[in-house]
Amino acid sequence: MKIYNTMTRRKEEFVPLEANRVKMYSCGPTVYNFIHIGNARPMVVFDTVRRYFERKGYDVVYVTNFTDVDDKIINRANEEGVSARAIADKYIAEVIKDEEGLNIRPPTRRPRVTDEMEAILDMIGELIDKGYAYEKNATVYFDAKKFKRYGKLSGKNIDELESGSRVEADGAKRNASDFVLWKPAKPGEPKWPSRWGEGRPGWHIECSAMVKRFLGDSIDIHAGGEDLIFPHHENEIAQSECANGAMFVKYWMHNGFLNIDNQKMSKSSGNFFTVREIVRKFSYDVIRFFILSAHYRAPLNFSEETIGHAENGLARIANCLKALDYIVKNVDKEEMTEEERENAKKIDVFVNNFEKAMEDDFNTADAISSIFELVKFANINVGEESSKEFARMTLDNVSALCDALGLRLRERKEAVDERFIEEKIAERQKARESKDYARADAIRSELKAMGVTIDDTAVGVRWTT
Ligand code: AMP
Ligand code: ZN
């Protein structure tokens, strides 16, 4: 199996550090809002990578974190007048709901930064003790110049980085590339005791500390979006290799960016969609399929049109499965004929093409093309005159390939997002409570147009489709 390694900038044969085991870490979201469609990309992609390794019989230990202490969380908490913990708890629950919808299997471990302070403080202490970090004004910095390989992942040269930027005005940093490991808390911010005073960790150290705690000094795969290559992953390498004295990561995998209408996603220009918004129109299954329909390293353009193509493609597969299922249940002839046996060999070709695509740096775009070829084969070759055995064999193979990619093919009606309906009903209840009957009626009509009928009963609102 070949994986493109960002570190070496080429595809390399995958050889695990320990036989039959894959130790894998992916940087998780900062939990201050619903996840956006861009955040869904690494989640879906690396879940698919994990599933593929497991399908090949590897024991995969997959760890991903929640960044639950951060300026954005603190700002949001201040805006809403609640604690940072409350914001993080709320959005962790929402991330998990979206992940369930996207059929992302729960990672083996899911640490939160605020639960792992001891591991973080231990690692910072070790970096200071070994001379790789220094303290100034209750802030601890990593001394980037002490790590000779700094810049290797991103292809940046530390001397150029240094000459291109100015050291902060307060002069606390020794070099411009030095980065914060620990900083003092401002009044009202979450804080933890440390030997440098009360404060909180910088962003990069959390991943190094969690990798060490849950996976060890060296891991097979570290993943994330390409925006994390510099400085986040560069800094992780520096911290981990200096603290542990061992190679940190064997293969670095980075997904390309998802753009909206060919433009960078940006909240301020309205070019921004949460997954939750999109599932009102397209199902979670379609979003997963859309993400996997491109190679994970290629840029992916999200628009009504491109996700619409994904919706049609997924429907084509679903219809094929439905037809095959009907045939299996309704035909009389049990056993395959000689001719069918001969024809069935083609199924192996499609399945092999699928495997080949996945073995070549997880080329899900080509893997999906093989599924479409198999669907086309099924549509032409399997019908009411077929044997049960032949129809079942075709059905099982289409299902197995969809399963390998974690594709669910729920009927559109089921995918009429229940959560959306529940939200609408809650909104209608609120409107009724505030005597805004026009709004309440408008919501009832909107649901009716979707084929959802609501009844007010003594025990609450009941809805049916
Ligand atoms: P964040 O919460 O911003 O730290 O992002 C969580 C993950 O989503 C990281 O792996 C990011 O690289 C990734 N990510 C953020 N925006 C995009 C995007 N537009 N396309 C693809 N991946 C993204
Ligand atoms: Zn990270």
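Which residue follows α4, and is its phi positive or negative?

Hi everyone. This is a predicted model, where local features need pLDDT of at least 70, side-chain atom pairs count only at pLDDT 80 or more, and totals for chains, interfaces and linings use all residues. Residues are numbered from 1 along each chain as its sequence is written, chains are lettered from A and ligands numbered from 1 in the order in which they are written, and side-chain values use heavy atoms, with hydrogens and water left out.

Let's start with the whole chain. Its secondary structure comes to 16 helices and 14 strands. Here helices (H or I, at least four residues) and strands (E, at least two) are DSSP runs, numbered from the N terminus. The C-alpha atoms fill a box of roughly 80 × 65 × 35 Å, taken along the principal axes. Of the 465 residues, 52% count as buried. Buried means under 20% relative accessible area, exposed means over 50%, and partly exposed is in between, using a 1.4 Å probe and protein chains only. As for contacts, meaning heavy atoms within 4.5 Å, take those with a separation of 6 or more: residues 24 or more positions apart account for 76% of them.

Now back to my opening question. Helix α4 is followed by G131, whose phi is positive, near 85°. Several residues of α4 are buried, among them M117, I120, L121 and I128. What do the buried residues of α4 pack against? Their partners are the strands β5 (133-136), β6 (139-142), β7 (179-184) and β8 (199-201), together with the helices α6 (204-215) and α7 (229-244).

Next, salt bridges. The cut-off is a side-chain nitrogen of Lys or Arg within 4 Å of a carboxyl oxygen of Asp or Glu. A search of the whole structure finds 42 of them. One joins the side chains of K11 and D360, at 2.9 Å from N to O. That pair links distant parts of the chain: K11 sits in strand β2 (residues 10-13), D360 in the loop between α11 (338-359) and α12 (364-381), and they are 349 residues apart. K11 counts as partly exposed because its relative accessibility is 37%, and D360 is partly exposed too, at 31%.

Another salt bridge pairs D59 with R21, with the closest N and O atoms 3.1 Å apart. Here D59 is in strand β4 (residues 59-64) and R21 in strand β3 (residues 21-26), 38 residues apart.

D325 is partly exposed at 30% relative accessibility, while K329 is exposed, with a relative accessible area of 59%. Elsewhere, salt bridges that share partners join D68, R85, D89, R112 and D115 into one network.

Which charged residue is buried yet has no salt bridge? That is E162, in helix α5 (residues 158-164). By the counting used here, Lys and Arg are positive and Asp and Glu negative, with His and the chain ends not counted. The nearest side chain of opposite charge to E162 is K145, 5.0 Å away. Still, a polar atom of the E162 side chain lies 3.0 Å from the backbone nitrogen of A176. Leaving aside neighbours within four places in sequence, E162 is in contact with K145, N175, A176 and S177.

Compare that with E189, in the loop between β7 and β8. E189 counts as buried because its relative accessible area is 14%. Its side chain makes a polar contact with the side chain of R200, at 3.2 Å. A polar contact is a pair of N or O atoms within 3.5 Å; within protein, one must be able to donate a hydrogen and the other to accept it, and residues adjacent in sequence count only if both atoms are side-chain atoms.

Finally, ligand 1. Of the 16 residues around it, T30, G38, G225, D227 and L258 come nearest, where near means that a heavy atom of the residue lies within 4 Å. A backbone N or O atom of L258 is 2.8 Å from a nitrogen atom of the ligand.
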